[in-house]
Amino acid sequence: MRGTFYGIGVGPGDPELLTIKAANILKKVDVIIAPKTEKKEGSVAFNIARPYLRDDVEIVYQVFPMVRGFAGNSGDAWEKNKDEIIALLDAGKNVAFLTLGDAMFYSTYIYVFRLLEKAGIPIETVPGIPAFVAIGSHLNWPIVEGDDVLSIIPATAGPERVREAIRTADNVVIMKVYKNFPDIADTLQECGMIDKAVMVSRCGLPDEERIDDIASRSRQPVNYLSTVLARKR
């Protein structure tokens, strides 16, 4: 009998921010899929989930190339990972794929989900807390209130799209700032929001960093797991 595939959002970093449902599923699955990048050892998502795992759970690390668009067109690596997951399920094992934040929010899991869905695999997705939600609560920083309009912006969208989204919103959440941080800082300055902005890197992890003076840091490298919150008033 084929096992069940779970996609589990583990939140931004603090293991206590996992949902009870996620923790309960992690305690019973047979296999954990821990995604990692080509350049780094280990998996941040796995380290967050570690307190909830059985001692005898099987850990499978999979490398997912960084791609834009639907990963089904990205070559052999994704197909190999998909086939490995399906083989585990066909062996009757329950498999959980771990992902930072929420599983359906700018997540590698979305590409895995599409590949498995296309293959006819039943899937259960468990939501997690996105980094910007955790940051707002952690800093006592209201993300939106009243009739505020919020824009959630990937900094990789391109300068004009980012600029327009910032201009037309009351409050913004800017994600994936690690590649274009100088441009993001300049745009926040242009839109009069840089003095009402904060950036948090590696929220909930031991080396978490809060940066209030974004302008003074705008020409320095920032961590991959960095998110900016800003508002106009």
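Me: What makes two strands in this predicted model count as a pair?
Reply: At least two bridges found by DSSP between them make a pair. In the open sheet, five strands follow the order β3-β2-β4-β1-β5, with parallel pairing.

Me: Why is one side of β3 and of β5 left without a neighbour in the sheet?
Reply: β3 (58-63) and β5 (123-126) each have a single partner strand and stand at the edges, so one side of each has no neighbour there. From one strand to the next, the twist averages 25 degrees.

Me: How do you know that β1 and β4 pair?
Reply: Strand β1 (residues 5-9) and strand β4 (residues 95-99) share five bridges in the parallel sense, and the definition asks for at least two, so they are a pair. Opposite Tyr 6 stands Ala 96 in β4.

Me: Which helices lie on these strands?
Reply: Helix α3 (residues 76-90) packs on the sheet and touches β1, β2 (31-36), β3 and β4. Its direction makes about 160 degrees with that of β3. Helix α4 (residues 108-118) lies across β1, β4 and β5, at about 160 degrees to β5.

Me: What makes residues of α7 count as buried, and which are they?
Reply: Buried means under 20% relative accessible area. In helix α7 (residues 181-190), Phe 181, Ile 184, Ala 185, Thr 187 and Leu 188 are buried.

Me: Why are the buried residues of α7 said to line one face of the helix?
Reply: Seen down the axis of α7, they fall within an arc of 165 degrees, so they line one face. An α-helix has 3.6 residues a turn, so residues three or four places apart point the same way.

Me: What covers the buried residues of α7?
Reply: The cover includes α6 (159-168), β7 (171-175), β8 (197-201), α8 (214-217) and β10 (226-231).

Key
Residues numbered from 1 in each chain as written. Predicted model: local features only at pLDDT ≥ 70, side-chain atom pairs only at ≥ 80, totals over all residues. Heavy atoms only, no water. Helix = DSSP H or I, 4+ residues; strand = E, 2+ residues; numbered from the N terminus. Axes fitted to C-alpha atoms, helices over the stretch in contact; angles between N-to-C directions. Contact = heavy atoms within 4.5 Å. Buried < 20%, exposed > 50% of the residue type's maximum accessible area, 1.4 Å probe, protein only. Arc of directions from axis to C-beta.
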